[in-house]
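Work through the exercises below with the model open. Try each task before reading its solution.

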Amino acid sequence: MPPLLSAPEVLNREFLEIRSKILELAAAFDRLERADGSVEDDPRMARLREALNALLEQSSDRAEQVQMIFSREYDDEWQKKFKVAPR
């Protein structure tokens, strides 16, 4: 197994991609702001804000936290609810 990269090495490798993704998010939020109407009461906006706040936390499990924000709670009846035949 190759040795892990140091934090400065990871930043050097990932900086431009991270910067690009942040710019893409900023542009999407700008488009929402300029569009007619409002989505302030849309629960998806609340989830987006919650996910952005999770990214700012000093935590080693941010990816998991964000995934859980956008995930449904487990439902034993999911196959019936979504009309999926059991295996």
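## Exercise 1: Helix α2

Helix α2 covers residues 43-56, which is 14 residues, and its first and last C-alpha lie 20 Å apart, close to the 20 Å expected at 1.5 Å a residue. The model is predicted.

**Task.** Which residues of α2 are buried, and against which helices do they pack?

**Solution.** 
1. Apply the cut-off: buried means under 20% relative accessible area.
2. In α2, Met45, Ala51 and Ala54 are the buried residues.
3. Look for their packing partners. The buried residues of α2 pack against α1 (7-34) and α3 (62-69).

## Exercise 2: Salt bridges

**Task.** How many salt bridges does the model hold? Then take the pairs glutamate 40 with arginine 49, aspartate 75 with lysine 81, and glutamate 77 with lysine 80, and classify the exposure of each partner.

**Solution.** 
1. Side chains of opposite charge can pair when their charged atoms come close.
2. Set the distance rule: a side-chain nitrogen of Lys or Arg must lie within 4 Å of a carboxyl oxygen of Asp or Glu.
3. Count. The rule gives six salt bridges.
4. Take glutamate 40 and arginine 49. Their side chains form a salt bridge at 3.0 Å, N to O. Glutamate 40 has a relative accessible area of 47%, so it is partly exposed. Arginine 49 is partly exposed too, at 36%.
5. Take aspartate 75 and lysine 81. Their N to O distance in the salt bridge is 2.8 Å. Aspartate 75, at 24% relative accessibility, is partly exposed. Lysine 81 reaches 56%, so it counts as exposed.
6. Take glutamate 77 and lysine 80. This salt bridge has an N to O distance of 3.3 Å. Glutamate 77 is partly exposed at 42% relative accessibility. Lysine 80 is exposed at 65%.

## Exercise 3: Lysine 83

**Solution.** 
1. Most residues other than glycine have a negative phi.
2. Read the angle. Lysine 83 has a phi near 55°, a positive value in a residue other than glycine.
3. Lysine 83 lies in the segment after α4 (78-81).
4. Check its exposure. The cut-off for exposed is over 50%. Lysine 83 has a relative accessible area of 77%, so it is exposed.

Terms used
Residues numbered from 1 in each chain as written. Predicted model: local features only at pLDDT ≥ 70, side-chain atom pairs only at ≥ 80, totals over all residues. Heavy atoms only, no water. Buried < 20%, exposed > 50% of the residue type's maximum accessible area, 1.4 Å probe, protein only. Helix = DSSP H or I, 4+ residues; strand = E, 2+ residues; numbered from the N terminus. Expected span 1.5 Å × (residues − 1). Contact = heavy atoms within 4.5 Å.
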